[in-house]
Amino acid sequence: MHGTALSGWLLVAVCAATGAYCVLRLRSDCARARSSAGGEAVMGFGMAAMAVPAAFASPPSWIFAAYAGVFGAAALRAGWLARTHGNGNSHHLHHVIGSLAMVYMALAMSTPGGHAAHGGHTGPASGIPLVTGALLVYYVGYVLTTGVRLLPVAGPARDGGAPGWGARPELRLACRLSMGIAMLAMLLAL
């Protein structure tokens, strides 16, 4: 990714922490929650790996094909889950878009000349490639709607005890929000 080393390391930290929390969510009693947490853990750790500043470690040329393969498989799995779980769970479609965005970024990073050679970036007047622009619009909308869902609402207090760390809906949303913001930063740095 382009950008300063500090911003790259901050992205690595946020994405790795998010992936680690998603691993904790894998202990949930609900199979659907475990499936979602597994996909999000792969996304978080994959984003952390892709965000490592190039000045620190120059990745081998085959790594981008590996990223594309892993995230292509993740997109197929999320698409299959979206199809089999019906229209009641649109979050699987978000996983499809996120995984395909990661494939897109891996392919863009693998082009000769690095990041600047992808999608018609020929100079300052060339603008943002269409796919990057569409993904930016999608993730801005996703971040805003997820952020709104985190706003507290007045309502009756819960009678039961506090849920465990893996079952707290606000933490799950915060995890998804941080990955959405990180995806926006990665797309902007492309």
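## Burial and basis

Buried means under 20% relative accessible area, exposed means over 50%, and partly exposed lies in between (1.4 Å probe, protein chains only). By that rule Arg25 is buried, and so is Glu40.

This is a predicted model: local features need pLDDT of at least 70, side-chain atom pairs count only at pLDDT 80 or more, and totals for chains, interfaces and linings use all residues. Residues are numbered from 1 along each chain as its sequence is written, and side-chain values use heavy atoms, with hydrogens and water left out.

## Salt bridges

The count comes to 2 salt bridges (a side-chain nitrogen of Lys or Arg within 4 Å of a carboxyl oxygen of Asp or Glu). Arg25 pairs with Glu40, with the closest N and O atoms 2.6 Å apart. Arg25 sits in helix 1 and Glu40 in helix 2, 15 residues apart. Helices here are DSSP runs of H or I, at least four residues, numbered from the N terminus.

Glu40 also forms a salt bridge with Arg176, at 2.6 Å from N to O. Glu40 lies in helix 2 and Arg176 in helix 6, so this pair ties together parts 136 residues apart in sequence. Arg176 is buried, as is Glu40. Shared partners join Arg25, Glu40 and Arg176 into one network.

Leaving aside neighbours within four places in sequence, Met47 is in contact (heavy atoms within 4.5 Å) with Cys15, Met102, Met179, Ala182, Met183 and Met186.

Notes
Helices (H or I, at least four residues) and strands (E, at least two) are DSSP runs, numbered from the N terminus.
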